Amino acid sequence: MKQSRRSFLKDSFAISATLTASRAAFASEHAQSDSPKKTATLQKADYKRIATEEAWAPSELLDTYRKMAASKSFDDPGFVAMWSRLGSRAQLIARLADIDEGRIRDMDAAGIDMQVLSLTSPGVQVFDSATANSLASTTNDAVAEAIRKYPTRFAGLAAAAPQDPPAAAKEIERGVRKLGLKGVIINSHTRGEFLDDPKFWDIFEAAEALNVPIYLHPQTPPPAMISPYVERGLESAILGFGGENGLHALAIIRSGAFDRFPKLQIVLGHGGEALPFWLFRLDYMNRSARPNIRNGAAKLNRKPSEYMKENIYVTTSGMAWAPVITFLQSVLGMERVLYAMDYPYQYELNEVIETDNVTISKSDKKKLFQTNAEKVFAL
């Protein structure tokens, strides 16, 4: 997509002039929406429910995604398939754009005390470098404004543009030090490139130096791997997201990034994108697997499972199922699993109740819902 930063911001994303009005319009529509479906009663808890993978995006950016998908001006079949479908879901779009009263009402209805907000996939990562850098800065300012308005209800992650790693590192530092954001959101691959390539490691260096985590959120698989998914309608959250992001996370582990940045912490949603279930096999097969040719990494200092247990946190987003949650806690540790709702994509009160009812001790349940998130994101 060939657009100058100036024309893009003027024509498609004049957020500084229109964001307030857009929020009001979306909030008005949102106010008429239904509460989450429920068949059971939400109980008052003696812990805070902090939801850690909660999406947002300004309405102008969402409109741009829809236009790009409709015109196919961005050559990415997964993006086109996803936003051709999501773009028609008016209530979802309204909820994504609202980081004001409408979202607070939804949180109250579901018993959520705080959301950690992150720019929805694919974020700024589908644009040219100049546009992506500008949008990262503008959206970080916008989410910081919402946090200032609702400091006990919202925290946020800083968007960054991997297209320009040094600029991304500077924006991460600005987001954390100046705006008070609590980590970094990277929506997985950037135009088909993964972070296991050392050319992106300015981002890892910045996050480690600032002692903030990177939330590695999936998007649809890149063109090089998308065809079997698109042909079967599996390109998005049903399977494509997990396949794409699980590959990305494992590639980072096998690149030696955690040997280079031993204090770096990465958060994976959706139960760790299936990697925790593969730990035994990953360790076994890694002994004879070929090196990562992207960076020539040879032998790792530790087993893949050890990096998973020491450098990776996982969330329950989209996985409100007791057998999965307790399995994750048993193999990674109670301190490594965080609650997430995956709002607004999976806004279901029954899933909050299901997680409330997981059979674990009160102290461990508080870790799941509250104290692990407070530690990871310094809340």
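**Close-up views of a predicted model**

View 1. Helices here are DSSP runs of H or I with at least four residues, strands are runs of E with at least two, and both are numbered from the N terminus. The structure is a predicted model, in which local features need pLDDT of at least 70, side-chain atom pairs count only at pLDDT 80 or more, and totals for chains, interfaces and linings use all residues. Residues are numbered from 1 along each chain as its sequence is written, and side-chain values use heavy atoms, with hydrogens and water left out.

**View 2. The buried residues of helix α9 and their cover.** Helix α9 spans residues 201-210, and its buried residues are Trp201, Ile203, Phe204, Ala206, Ala207 and Leu210. Contact requires heavy atoms within 4.5 Å.

**View 3. The packing of helices α3 and α4.** Two packed helices are described by the angle between their axes and the distance between the axes. The axes of α3 (residues 59-71) and α4 (residues 77-86) come within 8 Å and cross at roughly 120°. Helix α3 is therefore oblique to α4; oblique covers the angles left over once those under 35 degrees (roughly parallel), over 145 (roughly antiparallel) and 65 to 115 (roughly perpendicular) are set aside. Each axis is a line fitted to C-alpha atoms over the stretch in contact, and angles run from 0 to 180 degrees between N-to-C directions. From α3, Leu62, Tyr65, Arg66, Met68 and Ala69 make the contact, and from α4, Phe79, Val80, Trp83 and Ser84.

**View 4. An open sheet of 3 strands.** The strands are ordered β1-β2-β3 and pair in parallel; a pair requires at least two bridges found by DSSP. Strands β1 (50-56) and β3 (154-156) stand at the edges with a single partner strand each, so one side of each lacks a neighbour in the sheet. On average, neighbouring strands of this sheet are turned by 35° against each other, direction ignored. Strand β2 (residues 114-119) runs parallel to β3 and is joined to β3 by 3 bridges. Leu117 lies opposite Gly156 of β3.

**View 5. The chain as a whole.** The secondary structure comprises 18 helices and 9 strands. Of the 379 residues, 56% count as buried.

How values were computed: Buried means under 20% relative accessible area, exposed over 50%, partly exposed in between (1.4 Å probe, protein chains only).
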